Structures are given as C-alpha cells and as structure tokens.
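Morning, everyone. Let me put the model up, and then we'll walk through a few residues.

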Amino acid sequence: MITVKTTGIEEVKKALSAFSLEIQDRVIPKAMDNAGTIVSEFVKDETPVSEKIHYQYYGGKKVAITPGNLKRSIARIPKIRGSKTNQIRLVGPRAGKKYKNDGWYGHMVEQGTVHSTASHFQEKGALQAEKVMGSVMNEAVEKAIRKLNR
C-alpha cells in the first residue's frame, strides 16, 4: 500500500529552517550515499553479461575479460561532486588497473560502437531507481526532522 503525505509550503519552510548546518552535513550526504548504492544495484540488474571470454592487451600481455566483469565493476564512485547545497553522487563502472574488475569499456557497451549496438544499461537502471531514490531521500530527511522535533 502506498500513502502520500502532502505538507503545506509553510510547514516545509519551517522544517527546513530548523535544520542546522551540522545536520545537513551529516543527513543529506548519508542519504545520498544510500540512494547511490540503490542506484548501483538497479544498474547492475540491467548490465548485460557476455556469453564468451574477451581479451585485451595490458602492457604487451594478453589478459582475459571474463563474462560478468562489467556487472561486477558497477558501483557508487566514492568521490562527492558538486557543492554543499547541490551534491552529486556518481554510479557506473569502476575503471583502472587498480580495480580487480576493470570496467573501462562500459561506455562502449552503454553507447554502442561501430560493431555493437547500444544497450543503455545505465540509463535503464537509473530510470528504474529514480522511483525508489526519492522515497529513500525523503525517509532520511523525515527521520532527521523527527529527531529535531524531540
């Protein structure tokens, strides 16, 4: 069952003005991290898995890319982007030799190449997660407001 609670603009302004910077600095980033983790799970569900092993060359050595490597590389990127009032979390394939599952080719699977069609797995996953993210963020903010009103 879904319930919708409508709040007047004055109540929202009052609740938001009650937030101290300290609470904003702790509540919003944590809620965004949780939402980013949820988005990464949705993107993983949409990520295609190859049926065969592919090969690439690193430093002159032939290295195998096993099926499911791209899916395992999908995660919330730990860096926080944006300003304090407009924070951004990134979700996508982790790329680079330092990662066990190097998803450097994720953009080619997402957008396609001359030899393969685009799958748009990141876009599909983000659209599915969009419905859930709002409720996760709202729940975290409401919890902080309830703590403030005690």
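Start with Arg146. It is partly exposed, at 48% relative accessible area. Arg146 sits in helix 5.

Quick ground rules. This is a predicted model: local features need pLDDT of at least 70, side-chain atom pairs count only at pLDDT 80 or more, and totals for chains, interfaces and linings use all residues. Residues are numbered from 1 along each chain as its sequence is written, and side-chain values use heavy atoms, with hydrogens and water left out.

Now the surface. Which helix gives the most to the positive patch? Helix 5, residues 121-148, with three residues. Helices here are DSSP runs, H or I, of at least four residues.

Next, Ser119. Find this one in the loop between helix 4 (106-111) and helix 5. Buried or exposed? Ser119 is buried, at 19%. Ser119 touches Pro48, Val109, Glu110 and Lys124, leaving out residues up to four places away in sequence. Contact means heavy atoms within 4.5 Å.

Last stop, Ile38, in helix 2 (residues 21-46). Ile38 counts as partly exposed, at 25% relative accessibility. With residues up to four places away again left out, Ile38 touches Val132 and Val136. Ala75 is 37 residues from Ile38 in sequence, and 9.7 Å away in space, C-alpha to C-alpha.

Note on methods. Helix = DSSP H or I, 4+ residues; strand = E, 2+ residues; numbered from the N terminus. Buried < 20%, exposed > 50% of the residue type's maximum accessible area, 1.4 Å probe, protein only.
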